[in-house]
Amino acid sequence: MKNIVYLIIVFFMQQVQAQNERGLVLVRDGSSSYSIVISRGASPAEEKAAGILQDYLVRTTTCKLPIERSSAIAGKAIRLSEDRAALQPEQFTIEVKGPLLEIKGGARRGLLFGVYDFIENFLGCRKWNAGEPAYCPQYKELLLPGQLHKTGRPAFEYREVYYPGETDPEYLDWHKLQQLEDLWGIWGHSFNKLVDPAIYFKSHPEYYSYFNGKRQPLQLCLTNDTVFQIAAESLKKAFAAHPDALYWSVSPNDDIGYCECDACRKADAVDGGPQGSLIRFVNRIAATFPDKKFTTLAYTYAARPPLKTVPGKNVYILLSNIDAYRLQPVGEAPSAAAFRKNLAGWIAKTPNVFVWDYYTQFTNYLAPFPDIPALMPGVRFFQQQQVKGVFAQGSGATYSDMAELKSYLLAKALWDPGLDATVVADAFIKGYYGNAAPYIKKYLDALRAAAEKEKVPLDIYGNIVNDHNSYLTPALMDVYSSLLDKAEAAAEPDPVLLKRVERVQLSLEYTYLQQSRFYGIGQHGIFYRTPEGDWQVHKGFEERVNRFVKRCNAYNVKELSEGGMSPAAYQKEWQSIFENGVRDNKALGAAVTLKYPYVPEYPAKKERTLTDGVPGYLDFSYNWLCFAGVPLEAVTDLGTVTDIREVELNFLEDQRHWIFLPASVVVQVSDDNVHYREYGRQQLSLPEEDFEIRRHAVRFTGAVSARYLKITALNREQLPEWRFSRTRKPIIATDEIWVR
């Protein structure tokens, strides 16, 4: 009897070993003896996971496995189940046990993550981009390893990639991402949501910050007990409205003006700054609702950790690194030194730290922004510093430069920061761009090499026009365009690949159009002078603008910058440029001497900006000279004594960027640059609060002959209180001196 039992055991072990060696055959030649099994009382997640797996097995093998609902497992089966007790939230396991394939998941989409991981890593499917169907290979035989046990768990508690993928639910599940709307009951800057100034400020100004000598509805007075009570009541209502939310933001508004009343100043003195009263207030809220998790923004004036106060156990710090440049990974970039110091300080005080990071140029979403090699190392640095979550802010729902690739890389890194960034990027480029992939890779490599050679800072608030003499020179633009032309030719037989390449081309085309405004009437500009002396638009230019706008509309470009214009508005602006043409100007090309320096971050064409014949349009960062806290005093040499009938200057009003009309403008004329006489003078009133961007023409008329013009525009002595800042000075911006 013992021998018989021994032989049976040996036979069974041999069978198991043989199966392990052969592997588990799920499907062969379009048929299978397997079924997908979920429990009789299956949860919505189990039902959804079963349907998804069934669908992708059909796509890859043409075989539709039946879905059975049973508590018992008999025979060959793919068992899907949630195990919230044994597995952590979002964790999953994939295991082969003899003839059984079992996928288990924890709470919060753990099972869905496991199923999509199986679909990607064992069926070989790829969800390259949001809004596009997944790539699915075809199999006659679907074979799994006989010995398979895989566990997946997130590296970060919170993982959000804020790109167009946010709009595709499958993309989020496939790449194991989250949305703030799913996790936060109240998100971001929240003081006004908790204590609405529209309701309270008029009758109770003491609820709000005492700043610059008066109460203002900029931030909250965080030592006021009634403010705490109102905020707590607002949160109670929000809890009831969003019972499934995990986090609740108690954070300053996106503004200056923290409270400087005696009580707040006393609290802040203990902790070395306004972060003291902020964390104390958030801690008080958190202690009142100990079963909730609260986040607060460590941003601008609250970025540094307090000297003494420690965040509560249910308080999460969301630290921003908005000031860092993006060419190098955040873990080593010199510009991120302050962020790294703040991060270390917060980590020393609390294990609950999230990071708000940035991955696009917000002033020009389509700007070529070669930060790709820095993305995954940056996420790895966050993990090494024990950060618990990352909000990776891209361009949101609108398309931006290489959004598909950046979104994919960030998603992979946030789940597993240990992945090889080069391997992941190369796999994406090869898989997504097909025959065009070699040229796309060469384009990205060339762009990156030029940026590294020029040590371009890659500022998220930079401007591609100002990079016309670094990594976006006309010569380099030709190199990039040639590579993308080759990519287009390689993709042309395949309409899907062609569209993907055309999306990449949008960045160069936008750069070309923006820079052509800067070049104006010169080489690479919009206009040229005919032999008859007339100014004309270069042939094909209008068609090029129209084609660009058409492609923007086709490829999900909704905004060209953060809060900026739509493609339709951009086209309208271009039409105005074409219609207005070039104005005759006796100061064109004249030499200019400045007494005071312009803002060096926006050099435009330096002094020549004022006589290059090119208006500044509505973007202060190019074709304008800006003067912060000092006057504009410019002497223009017309070259010879000239009859003057009119002098015009244009000034920009962009209050969001602290740019205001000058207090006064004086024009003087001279024959010898020594003895000047006044030609005209105007006082300009300070406009009311209005964040619409405008150009203002200041004109002086009168018949006079002179060779030299001296323009003096006085800056305002201080900022208006509704745009007050202790770190900013009033700016005046002018684009051209027009003389007729």
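Student: Which residues in helix 16 meet which residues in helix 17?

Tutor: Bearing in mind that this is a predicted model, Pro474, Met477, Tyr480, Ser481, Leu484, Asp485, Ala487, Glu488 and Ala491 are the residues of helix 16, and they meet Leu497, Leu498, Val501, Glu502, Val504, Gln505, Leu508, Thr511, Tyr512, Gln515 and Tyr519 of helix 17. By class, these residues divide into 13 nonpolar, 4 polar and 3 charged.

Student: What makes helix 16 roughly antiparallel to helix 17?

Tutor: The axes of helix 16 (residues 474-491) and helix 17 come within 10 Å and cross at roughly 155 degrees. Because angles over 145 degrees count as roughly antiparallel, helix 16 is roughly antiparallel to helix 17. The crossing of this pair is left-handed.

Student: Why is helix 17 called oblique to helix 18?

Tutor: Helix 17 (residues 495-519) and helix 18 (residues 541-554) pack at an angle of about 140 degrees, with their axes 10 Å apart. Roughly antiparallel would need an angle over 145 degrees, and roughly perpendicular would need 65 to 115 degrees, so helix 17 is classed as oblique to helix 18. Their crossing is left-handed.

Student: Which residues make up that contact, and how do they divide by class?

Tutor: From helix 17 come Glu502, Gln505, Leu506, Glu509, Tyr510, Tyr512, Leu513 and Ser516, while helix 18 supplies Phe541, Arg544, Val545, Arg547, Phe548, Arg551 and Cys552. By class, the contact of helix 17 with helix 18 has 8 nonpolar, 2 polar and 5 charged residues.

Student: What makes helix 8 oblique to helix 10?

Tutor: Helix 8 (residues 225-241) and helix 10 (residues 275-288) pack at about 50 degrees, with their axes 11 Å apart. Since roughly parallel requires an angle under 35 degrees and roughly perpendicular begins at 65, helix 8 is oblique to helix 10. The crossing of helix 8 and helix 10 is right-handed, and the contact is made by Asp225, Val227, Phe228, Ala231, Ala232 and Leu235 of helix 8 together with Phe281, Arg284, Ile285 and Thr288 of helix 10. Its residues comprise 7 nonpolar, 1 polar and 2 charged.

Student: Which residues have the most contacts inside the largest nonpolar core?

Tutor: That core has 146 residues, and those with the most contacts inside it are Leu235, Ile285, Phe294, Phe382, Tyr433 and Phe548. The largest share of this core, 9 residues, comes from helix 17. Apart from it lies another core, of 39 residues, among them Leu80, Phe92, Ile94 and Leu142. In soluble globular proteins, nonpolar side chains tend to be buried together.

Student: What does Ile285 touch beyond its neighbours in sequence?

Tutor: Setting aside residues up to four places away in sequence, Ile285 touches Phe228, Ala231, Ala232, Leu235, Val250 and Phe294.

Student: How do you know that Ser70 counts as buried?

Tutor: Ser70 lies in the loop between strand 3 (67-69) and strand 4 (77-82). Its relative accessibility is 18%, and because buried means under 20%, Ser70 counts as buried. Not counting residues up to four places away in sequence, Ser70 touches Val37, Ile38, Ser39, Arg40 and Arg79.

Student: Why is Ser664 called buried?

Tutor: Ser664 is found in strand 23. With 5% relative accessibility against a cut-off of under 20%, Ser664 therefore counts as buried. Leaving aside neighbours within four places in sequence, Ser664 is in contact with Gln682, Gln683, Thr712, Ala713 and Leu714.

Student: What makes Val674 count as buried or exposed?

Tutor: Val674 is placed in the loop between strand 23 (664-670) and strand 24 (676-683). Its relative accessibility is 59%, and because exposed means over 50%, Val674 counts as exposed. The C-alpha atoms of Val674 and Tyr708, 34 residues apart along the chain, are separated by 9.5 Å.

Student: How many helices and strands does the protein have, and what percentage of its residues count as buried?

Tutor: The secondary structure comes to 19 helices and 26 strands, and of the 740 residues of the protein, 55% count as buried.

Note on methods
Residues numbered from 1 in each chain as written. Predicted model: local features only at pLDDT ≥ 70, side-chain atom pairs only at ≥ 80, totals over all residues. Heavy atoms only, no water. Axes fitted to C-alpha atoms, helices over the stretch in contact; angles between N-to-C directions. Helix = DSSP H or I, 4+ residues; strand = E, 2+ residues; numbered from the N terminus. Left-handed = near helix turned anticlockwise from the far one by under 90°. Contact = heavy atoms within 4.5 Å. Nonpolar A, V, L, I, M, F, W, Y, C, P; charged D, E, K, R; others polar. Core = buried A, V, L, I, M, F, W, Y, C linked by side-chain atoms within 4.5 Å. Buried < 20%, exposed > 50% of the residue type's maximum accessible area, 1.4 Å probe, protein only.
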